[in-house]
Amino acid sequence: MLKRNAMLPTLLFNLIAGLRLILFRPLDLIGFRYTVSAFWSVALLNVLVAAGLQRAEIEEAALFQAEGLFPESVFILLVLLSGVLISRFLGSRLLQFRFPVIFLNAVFWLQLFTALYQHWSPSGLVGSVIYWLLQLWLLLVIFRVLKLAVRADRESATFRRWLATLAFVVLVQLPPYYLYPFEFWVPASYAVSEASAATEAQPELDVESVLTSQPAILAQQLQSLEPSRAGEIDAYFVGYAPWGDQRVFANEIRFARQRFDERFGTSGRSLSLINEAENIGTQALAITSNLAASLQWLKQIAQPEEDILYLFITSHGAENHDVGTVLANLPLNDLPAAGLATLVENSGFKWKVIIVSSCYSGGHIPLLADESTMVITASRADRTSFGCTDDAEYTYFGRAFLVEALAENTNFIEAFDAARAVIASREADEGFTPSEPQIAVGKTIEAYMEKHWASRKKSGTTSQAGLPGS
């Protein structure tokens, strides 16, 4: 019974010793108790404290994400492994047992002091100085852990202990938190997915009148499109925003159409299919039948073997890669990934740039990619993307790629690389699981688009600012 209840006193005993250690108070080896339960109890305590501190940083409602366990678990495993490796490097077998216990008890206090710094630190030069003093403090603490864990009569030199300290920081401290910066909590206003998105109240629509009016509305928009010109490489844009209960997707398509009209020569040959109740009587809806009819119409007025099709889709996405489709009370079906691929194939367009901005959108690449097609997606096949909130103007991907990157560069590959870096930085700053946008470039599409831009420049329909790489 005494052994069973000894875990808590041992934990408190070691935590007090850990505080003395980081404050550089006198301490020796017997200041800690080295048992299996002593290690795992402080390891679990550190995980709970990390979760609590992360939650305290978020003032609004927050959602728990289990991915936060990943860096904490990796960190603990690397501490154990480092104990083994450093013990061999410094020639002390006992170090593999002592080091993890001593270090994790120091970590408990270090993360508390770090949290205080993050909450109250001043900005500017003073804040930077404090930050780097904390980093120096961490190095000194690790060095003291190694010095304490190795018996005084060992032959390990000070230089070897410093080398082990730096190796520990690089191999243990950096990978879990910088390569995989997942956190336990994210603000509820940011972490919106198809399952948790807060939708605006929508009016009750007359289903029959809405759907029966669509053929005429769509036909009017299609008939306004200009036909392809003989001997020219023309470009057509189709925007598709089927999630009608949030304005962010309609905003994104409208901006995308404007961007492509201005920068990619689709003016007079661009079409938007958008689900929104406000324009129900004048706007062609983003439904599968309208997309199919639109692509077939373009097949007739374009030169599918020569012209370029830009298809931009933005919505919520499901784990099976279906494109979410809703508008108030209308009985609409999602667009399956295989169905989208069939529509694109039936369009007859050889040269295509297809952009899908949604969660799990990377799953469209295997179905859409070929030698004459470029496919760009906002996320990996098994990852969510971010920014599809009610109060957002554009999604994270839409802002980084459409609004920012394509404003500076009409080379899609370079623009994508720039947008991906911006998105990764933003997600890391906000503690989100990285969405990892994807791109697949066919062997011949890039050279053909260069040819298209060269022909536009020669005909005087573009300026130097519109050339690839500008």
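**Salt bridges, sheet and strand ends**

Trainee: At 35% relative accessibility, what does Asp370 count as?

Mentor: The model is predicted, so local features need pLDDT of at least 70, side-chain atom pairs count only at 80 or more, and totals for chains, interfaces and linings use all residues. Residues are numbered from 1 along each chain as its sequence is written, and side-chain values use heavy atoms, leaving out hydrogens and water. With a 1.4 Å probe and protein chains only, buried is under 20% relative accessible area, exposed over 50%, and partly exposed in between. Since Asp370 has 35%, the residue counts as partly exposed.

Trainee: With which residue does Asp370 form a salt bridge?

Mentor: A salt bridge is a Lys or Arg side-chain nitrogen within 4 Å of an Asp or Glu carboxyl oxygen, and for Asp370 and Lys352 the closest N and O atoms are 3.7 Å apart. The pair joins distant parts of the chain, 18 residues apart, with Asp370 in the loop between α11 (365–368) and β7 (373–377) and Lys352 in strand β6 (351–357); here helices (H or I, at least four residues) and strands (E, at least two) are DSSP runs numbered from the N terminus. At a relative accessible area of 5% this partner is buried, and the residue asked for is Lys352.

Trainee: How many residues apart are Asp234 and Arg269, and where do they lie?

Mentor: These two side chains form a salt bridge, with their closest N and O atoms 3.9 Å apart. Asp234 is in the loop between α7 (207–223) and β3 (235–241), whereas Arg269 is in the loop between α8 (247–263) and β4 (270–274), so that the bridge links distant parts of the chain. Because its relative accessibility is 2%, Asp234 counts as buried, and Arg269, at 6%, is buried as well.

Trainee: Which residues are linked with Asp234 and Arg269 in a network of salt bridges?

Mentor: The structure holds 12 salt bridges, among them the one between Asp234 and Arg269. Those two residues belong to a network of salt bridges.

Trainee: What is the N to O distance between Asp382 and Arg380?

Mentor: Asp382 counts as partly exposed, because its relative accessibility is 47%. Arg380 also counts as partly exposed, at 25%. Their side chains meet in a salt bridge, and the N to O distance is 2.7 Å.

Trainee: Which strands are the edge strands of the open sheet?

Mentor: The sheet has six strands in the order β4-β3-β5-β6-β7-β8, with mixed pairing, where two strands pair if DSSP finds at least two bridges between them. Each edge strand pairs on one side only, and these strands are β4 and β8 (438–441).

Trainee: Which residue of β6 is the bridge partner of Ile313?

Mentor: Strand β5 (308–314) and strand β6 run in the parallel sense where they pair, over seven bridges. For Ile313, the bridge partner in β6 is Val356.

Trainee: With which residues is Val441 in contact, leaving aside its neighbours within four places in sequence?

Mentor: Val441 is found in strand β8, and is partly exposed because its relative accessible area is 35%. Between the C-alpha atoms of Val441 and Val353 there are 9.1 Å in space, although the two residues are 88 residues apart in sequence. Taking contact as heavy atoms within 4.5 Å, the residues that Val441 touches are Thr373, Met374, Ile413 and Glu446.
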